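Subject: Structure handover

Hello,

Here is the structure I promised to pass on. Please open it first, then read the notes below.

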Amino acid sequence: MYFLINSLAGGGAEKVLVRIAEYLKPKKILLLESDVKYHVDEKLLCFLSSHSVKTSPLLKTLFIPYYAFRFSQVVV
């Protein structure tokens, strides 16, 4: 099982994911951005890019094919 989320930079969805991960034990948590503010086992994290919350939304949109490619490399 894998979880894919934009970042762990704070917020409700991120908090829920961290709590659920404790019980469901995913193989990896895939992040589109490199921001992490919640305590998570480092071995679970896999960053699909080096973007952050400060990266332009337009740039992140243009990188969607790259995210998909990186995702396919990690999950296979």
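A salt bridge here is a side-chain nitrogen of Lys or Arg within 4 Å of a carboxyl oxygen of Asp or Glu. Buried means under 20% relative accessible area, exposed over 50%, and partly exposed in between, with a 1.4 Å probe and protein chains only.

This is a predicted model: local features need pLDDT of at least 70, side-chain atom pairs count only at pLDDT 80 or more, and totals for chains, interfaces and linings use all residues. Residues are numbered from 1 along each chain as its sequence is written, and side-chain values use heavy atoms, leaving out hydrogens and water.

**Overall fold**

The chain has three helices and three strands. Their order from the N terminus is β-α-β-β-α-α. These elements are DSSP runs, numbered from the N terminus: helices are H or I with at least four residues, strands are E with at least two. The C-alpha trace spans about 35 × 30 × 15 Å along its principal axes. Of the 76 residues, 36% count as buried.

**The salt bridge**

How many salt bridges does the structure hold? It holds one. The partners are E33 and K60, with their closest N and O atoms 2.5 Å apart. This pair links distant parts of the chain: E33 is in the loop between β2 and β3, K60 is in helix α2 (residues 57-62), and 27 residues separate them. E33 is buried, because its relative accessible area is 1%. K60 also counts as buried, at 16% relative accessibility.

**D35**

D35 lies in the loop between β2 (28-31) and β3 (45-47). D35 is buried, yet has no salt bridge. Which side chain of opposite charge is nearest to D35? That is K60, 6.8 Å away. Charge here counts Lys and Arg as positive and Asp and Glu as negative; His and the chain ends are not counted. Leaving aside neighbours within four places in sequence, D35 is in contact (heavy atoms within 4.5 Å) with S7, L8, A9, S52 and V53.

**P26**

P26 sits in the loop between α1 (12-24) and β2. Is P26 buried or exposed? P26 counts as buried, because its relative accessibility is 5%. Beyond its neighbours within four places in sequence, P26 is in contact with M1, F3, A21 and L44. F3 is 23 residues from P26 along the chain, and their C-alpha atoms are separated by 6.9 Å.

Best wishes
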